[in-house]
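User: Hi! Could you walk me through this one with me?
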Amino acid sequence: MIFADAFAWLLDPVNWSGGKSIPVRVGIHLLYCLGAVLGASLIAVPLGLYVGHTGRGGVVLVGGSNALRALPTLGLVTFLYLIAGGGTVGVLIGLIVLAVPPILAGAYAGIQDVDRGVVDAARGMGMTGSQRLWRVEVPNALPLLVGGLRNATLQVVATASVAAYVGIETLGRPLLDGLRVLDYGQFVGGAILIAVLAVVLDVVLAGVGRLVVPAGLRLSAAPAGRTRSRRTQRGRREEPVPVESGGSTA
Amino acid sequence: MTAVGDIAKYLGDAGTRAALLDMLLDHVYLSLVPLVVSVVLAVLLGLLCHRFRQVNATLIGMSNIVYTIPSLALFAIIPALIGTQVLDPLNVIIALTVYTTALLVRPVAEALAAVPAHVTAAATAMGFRPLRRFLTVELPLSVPVLAAGVRVGSVSNISLVSVGALIGTGGLGTLFTDGFRQRYLAPIIIGIVLTLVLALVVDLLLVLLRNRLTPWARVGKP
Amino acid sequence: MIEFRDVTKRFDDGTTAVNGLDLVVEAGTITVFVGPSGCGKTTSLRMVNRMIDPTSGTVLVDGEDVLGVDPPTLRRGIGYVIQQAGLFPHRTVLDNVATVPLLTGWTRRKARQRAAELLELVGLPAELGHRYPVQLSGGQQQRVGVARALAADPPVLLMDEPFSAVDPVVREGLQDELLRLQAELDKTIVFVTHDIDEAVRIGDKVAVMRTGGFLAQYAPPAELLTRPADDFVAGFVGKDRGYRSLSFVDSSGVEVAEVATVAEGSASESSPDWRLVVDADKRPQGWVAPDGSVVPGGSLYEVGASIRGALDAALSSPSGLGVVVDAGGHLAGVVTARQVLDVIESRRG
């Protein structure tokens with residue numbers, strides 16, 4: 001049983017001490033992921049907010065973001081390693097490139113999906129452009145923005161394993177080592193660690209989301225029995241599915 | 001520029017060019033087969049999600065978990081699970097199918113849910129049976145959202161296939177591992193460019209296909 | 001004929017939408033279900049084509065229990081029009097209208113031909129057939145909805161607030177159109193609305209329903225206005241029901257008097273009486289006041305219309321004289337409010 005081997009590897013005390021122990025690799029993995037998501041956020045959030053708010057350049061943004069998604073991370077990492085002469089910068093940039101599209105999409109769609117009526121009302125009450133952005137659009141965009149961050153984090157955590165190929169001691173190391181010597185215990189053990197890390201980070205970010213998303217928006221996303229709810233134009237939020245022959249009593 | 005010279009030199013060899021073509025075709029095969037299979041699977045699963053609330057929560061949860069599994073791990077663990085050879089391209093195909101299906105289920109379910117209730121009610125009231133209603137009303141109306149998902153899926157598949165190079169089946173990804181081992185930029189650059197071009201071409205074809213299927217989605221108001 | 005026999009519908013959440021409904025919809029008539037939200041009018045309608053099945057009781061269409069018919073088959077024989085029209089956004093107008101004929105096995109060519117006829121019948125130009133629903137106005141979409149419901153020539157038509165989403169002017173046009181179509185087609189129509197004016201305007205009979213799924217009164221519109229069964233119906237029917245009920249009183253006995261006229265454009269000189277301005281065709285154009293100024297006229301009353309029109313013409317006229325015209329719009333004379341009221345009074349006695 002490969003899972004038994006995996007747990008044997010995971011529980012082996014040898015793997016929990018020294019410079020290449022599991023905790024050290026988890027730490028390095030986390031550092032790269034954190035750096036990548038932070039770096040990507042610094043680029044993508046302002047850009048997404050700007051384009052969403054002004055409505056200018058949406059097409060270019062979506063196209064560019066799709067092109068970024070097409071960049072093969074392994075290719076980018078090896079390329080940057082060779083021209084930069086080292087792994088750190090190459091891996092970081094590769095992961096940032098990976099994280100930008102989902103964050104960008106979240107920020108942009110978040111602002112875009114804010115009910116036009118709400119924005120109109122804000123304008124009608126005399127809010128300036130920046131007041132509208134910060135007091136109305138951004139709070140309303142938070143659910144999708146956080147969603148984008150969660151997507152990016154998932155992808156980065158999973159892909160940071162590729163960094164091991166250029167010599168960075170991430171959790172990809174046991175994967176590659178296990179693969180080379182066909183030690184499935186080590187291989188699957190590494191994969192489990194990465195998956196657990198991803199789930200933990202996702203739960204943390206979901207918690208952060210709950211804290212920062214205004215209560216009014218959380219309430220609207222709660223299931224509301226048999227009510228027919230209007231969907232936003234894109235139907236992106238999770239809302240109760242309209243019942244077909246249920247309770248319309250006019 | 002030495003890089004340009006390198007690339008020219010690299011491409012100058014007929015054997016290399018033939019190998020490149022092979023890798024490209026491999027890449028197309030490895031990325032597009034999962035895409036097609038996933039569309040079918042995702043539509044079926046999305047339908048289940050749409051019809052049964054319970055299934056919906058379960059499947060969406062599962063598809064989120066699938067994304068936490070590193071692609072490299074999935075590529076290599078499949079032989080252990082289903083007994084294929086480690087170098088069997090089927091591993092990559094199955095792994096990418098799992099990913100792409102996970103990616104598409106949610107948009108499909110949402111697109112089906114977004115079909116206006118009055119439209120499905122009208123279909124039912126005119127005597128459509130459920131299967132026919134699904135195939136002729138709900139599914140066609142979901143195409144724009146489905147197409148958006150398929151576009152993301154195709155791009156990410158094309159980029160992910162490269163990772164397969166680490167286990168020996170990577171299409172164009174082989175150029176990255178080769179280049180890295182030999183500390184040689186030319187194949188890496190060519191690999192990146194070909195991957196991008198492939199993604200772009202497939203995306204273009206998908207857009208054409210979508211437009212073909214949804215003439216109604218692009219008419220303006222009078 | 002549609003018959004509800006002691007029909008009750010309770011939903012899973014415990015609400016009772018329809019409570020022991022007993023009602024007969026006569027063939028070839030328009031019956032309107034009207035009432036506030038939650039009165040069960042839409043639920044009642046949807047039990048006819050089995051979009052909802054009753055908890056107890058029986059719904060019969062032409063004597064046959066609908067529960068004995070396979071729903072899709074039943075529905076193909078019953079036209080259905082809803083508020084948002086429910087048009088298929090991905091099909092052209094023509095293909096939308098051809099939907100049911102195609103379902104029932106017509107050839108595409110024949111179905112499209114039928115669809116084109118129907119577009120004409122509901123007053124839409126043929127070239128709209130190749131557009132998509134999103135390219136039509138709300139009123140046009142509703143017409144397409146009606147055409148689609150009529151496509152297979154079903155004897156029964158169910159209409160669920162079909163005109164509620166369009167503006168009042170368009171709504172009135174659609175109501176007229178429906179009455180014209182009904183005169184031609186003679187369908188059995190069940191029409192749901194929350195608008196009592198619409199109900200009174202188009203219904204041969206009106207069923208007023210009350211929250212909780214009770215039938216409060218089922219009667220022709222005139223009776224509803226003059227003899228509401230209880231306070232709820234009286235309240236729902238509205239404030240000026242006395243005046244509105246005059247819509248159903250004919251105007252025989254109203255005497256039409258002569259009136260002094262001046263030709264349009266001729267010099268106006270002062271005169272102690274109000275004089276009516278008419279054009280060369282004797283169509284009324286306004287009034288000349290005793291001080292010689294020209295003022296616009298009030299509403300016109302066409303001979304043969306209800307007495308409400310006669311009274312309104314008199315009340316809205318600046319001179320107090322209601323202008324009466326014939327079917328061609330030519331001046332026929334004038335009436336006063338007192339005369340009209342005398343006729344109404346004498347009818348009572």
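User: Let's start with Arg180(C): buried, partly exposed or exposed?
Analyst: Arg180(C) counts as partly exposed, at 37% relative accessibility. Keep in mind as we go that this is a predicted model.

User: Noted. Which residue does Arg180(C) form a salt bridge with?
Analyst: Glu177(C), and the closest N and O atoms of that pair are 2.9 Å apart. Both residues sit in helix α7 of chain C, three residues apart, which is about one turn of the helix.

User: And Glu177(C), is that one buried or exposed?
Analyst: Buried, because its relative accessibility is 16% and the cut-off for buried is under 20%. Salt bridges that share partners also join Glu177(C) and Arg180(C) with Arg143(C) and Glu184(C) into one network.

User: Nice. What does Asp176(C) pair with?
Analyst: Asp176(C) makes a salt bridge with Arg201(C), with 2.7 Å between the closest N and O atoms. Asp176(C) belongs to helix α7 (residues 168-185) of chain C and Arg201(C) to helix α8 (residues 196-202) of chain C, so this pair ties together parts that are 25 residues apart in sequence.

User: How accessible are those two, Asp176(C) and Arg201(C)?
Analyst: Asp176(C) is partly exposed, with a relative accessible area of 39%. Arg201(C) is partly exposed too, with a value of 34%.

User: What about Glu117(C), which side chain does it meet in a salt bridge?
Analyst: That would be Arg114(C), at 3.8 Å from N to O. Glu117(C) is partly exposed, with a relative accessible area of 44%.

User: Switching to interfaces. How many salt bridges cross between chain B and chain C?
Analyst: The rule finds one across that interface. Asp70(C) forms a salt bridge with Arg129(B), and their closest N and O atoms are 3.0 Å apart. Between chain B and chain C there are also four residue pairs in polar contact, counting pairs with both residues at pLDDT 80 or more.

User: Which helices of chain B are involved there?
Analyst: On the side of chain B that touches chain C, α6 (117-125) and α7 (130-161) each supply at least two residues. α6(B) gives the most, with seven residues. By class, that side of chain B has 14 nonpolar, five polar and three charged residues.

User: How much area do chain B and chain C bury?
Analyst: About 2,100 Å² between them, with 68% of it on carbon and sulfur atoms. In chain B, the residues that lose the most area to chain C are His118(B), Ala125(B) and Met126(B), together 27% of what that side buries. The contact draws on 22 residues from chain B and 25 residues from chain C.

User: Now chain A against chain B. How much area is buried there?
Analyst: That one comes to about 3,800 Å², and carbon and sulfur atoms give 75% of it. The elements giving two or more residues to the side of chain A that touches chain B are α3 (58-70), α4 (73-84), α7 (129-159), α8 (172-180) and α9 (184-212) of chain A. The residues on that side of chain A divide into 30 nonpolar, five polar and six charged.

User: And how many salt bridges between chain A and chain B?
Analyst: The count is zero. For polar contacts, the count is one residue pair with both at pLDDT 80 or more. In contact terms, 41 residues of chain A meet 46 residues of chain B.

User: Last one: Ser38(B), where is it?
Analyst: Ser38(B) sits in helix α2 (residues 14-51) of chain B, and it is buried, with a relative accessible area of 0%. The side chain of Ser38(B) makes a polar contact with that of Thr101(B), at 3.5 Å. Leaving out residues up to four places away in sequence, Ser38(B) touches Leu96(B), Thr97(B), Thr100(B), Thr101(B) and Leu104(B).

How values were computed
Residues are numbered from 1 along each chain as its sequence is written. Chains are lettered from A and ligands numbered from 1 in the order in which they are written. This is a predicted model: local features need pLDDT of at least 70, side-chain atom pairs count only at pLDDT 80 or more; totals for chains, interfaces and linings use all residues. Side-chain values use heavy atoms; hydrogens and water are left out. Contact means heavy atoms within 4.5 Å. Buried area is the accessible area (1.4 Å probe) that two parts lose on being put together, summed over both. A salt bridge is a side-chain nitrogen of Lys or Arg within 4 Å of a carboxyl oxygen of Asp or Glu. A polar contact is a pair of N or O atoms within 3.5 Å; within protein, one must be able to donate a hydrogen and the other to accept it, and residues adjacent in sequence count only if both atoms are side-chain atoms. Helices (H or I, at least four residues) and strands (E, at least two) are DSSP runs, numbered from the N terminus. Ala, Val, Leu, Ile, Met, Phe, Trp, Tyr, Cys and Pro count as nonpolar, Asp, Glu, Lys and Arg as charged, and the others, Gly among them, as polar. Buried means under 20% relative accessible area, exposed over 50%, partly exposed in between (1.4 Å probe, protein chains only).
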